[in-house]
Amino acid sequence: MEIQFPVLQVVNKDGKLVDESYKNEITEDLVRTFYRQLVCMRTLDRKAKNLQRQGRLGTYPPFEGQEAAQVGSALALDEDDWMFPTYRDHAASITFGKSYSILSSWNGRVEGNLPPEGKKILPPSVPIATQLPLATGAAMAAKFKGSKQAAIAYFGDGATSEGDFHEGLNFASVYQAPVVFFNQNNGYAISLPISKQMNSKTIAQKSIAYEITGVRLDGNDIFVVYFETKKALERARNGEGPTLIEAITWRYGAHTTADDPTKYRDQKESEKRRENDPISRLESFMKRNGYWDDAWIQKVHDEAIEEIEAAVRAMETMPPPDVNDIYDYIFETPTWTIREQKEQYMKHLRGEE
Ligand SMILES: Cc1ncc(C[n+]2csc(CCOP(=O)(O)OP(=O)(O)O)c2C)c(N)n1
């Protein structure tokens, strides 16, 4: 069966505008916002990997290569929308208003999971796909309340094999919930290539089963990501139901700092994929279209380093964590099992056991 979902693109890998219909919507302000945020996020990701290698951060899931998918989609949101990210979506969360404190969650700090005041950003979801039904629920609630809020849920290709993916999409379809399911198809679920994950040709085509809009796009083209996510959110707010977006991208590095991708993936492939790099592509676009300014570019890079270094200093000078945190944030009212575990552990710490 041949099901076609063309891969949408606005700017190709050489930085050429291939869809002229967006010409008037591309402003200097937008281009600079994209660039600044992409550079900041890559700087953060590289720093986090280094910190982990130096023993200054716990296990960390890098997102280098996926910046355009995350930043472009997060910039498309309205202030009051809901975001349901995964462990790999720090660029999306930070772009939408989370502080760099998110880094501290990889040092076991509860502070890294708290949403900033007034923002509806859920903590990074680690159990795969569980955030999808939650996003559908938040969107349904927004609709029932008559608000104009929409929700976005991020997930990887592996998540599409989980029951929660299907439950989330089905409920959203039945209730025409204002939710965007934003898939980053980075080709692998840890070591499992997508060809062994599913027999379908695309992830976007799974939208057909649920009668919702499906979109397949070049996830390394920040322009198409931004414009298509905006359109999907607009449809959601207008009562036209959910959208499944498949953003095709690639993670350059390991699944997390705890695995070695050379064991399951040809690293030459990753090097080759750098030809599609989201930042290089934006740089080529800027050069072609008169947005390039050496002094401004330098300033962006310098400021990104300063910002990330300040965030790391803030993380490393945090007062020691409260040991109670391990137990106190699981349920509002702890179950007896958790109370018992806590008592035992406190005894152990006091040397009574
Ligand atoms: C329910 C559940 N099963 C298994 C795991 C272990 N696990 C962690 S990440 C991962 C792969 C997820 O791949 P994908 O959804 O493609 O996202 P990516 O990591 O590529 O962003 C698995 C199986 C988990 N966290 N949760």
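Q: From what do the domain bounds come, and which domains does the protein chain have?
A: Domain bounds come from an automatic or database domain assignment. The model is predicted: local features need pLDDT of at least 70, side-chain atom pairs count only at pLDDT 80 or more, and totals for chains, interfaces and linings use all residues. Residues are numbered from 1 along each chain as its sequence is written, and side-chain values use heavy atoms, with hydrogens and water left out. The assignment for the protein chain gives domain 1 (20–320) and domain 2 (322–353).

Q: Which residues come nearest to the ligand?
A: A residue is near a molecule if one of its heavy atoms lies within 4 Å of it. There are 15 residues around the ligand, and those that come nearest are Tyr-87, Arg-88, Val-126, Gly-158 and Ala-159.

Q: Which residue has a side-chain N or O atom 2.7 Å from an oxygen atom of the ligand?
A: A polar contact is a pair of N or O atoms within 3.5 Å. A backbone N or O atom of Ile-128 is 3.0 Å from a ligand nitrogen atom, and one of Asp-157 is 3.1 Å from a ligand oxygen atom. The side chain at 2.7 Å belongs to Arg-88.

Q: What share of the ligand's exposed area does the protein bury?
A: Accessible areas come from the Shrake-Rupley method with a 1.4 Å probe. Taken alone, the ligand exposes 590 Å². The share of this area that the protein buries is 70%.

Terms used:
Polar contact = N/O pair within 3.5 Å; in protein donor to acceptor, adjacent residues only side chain to side chain.
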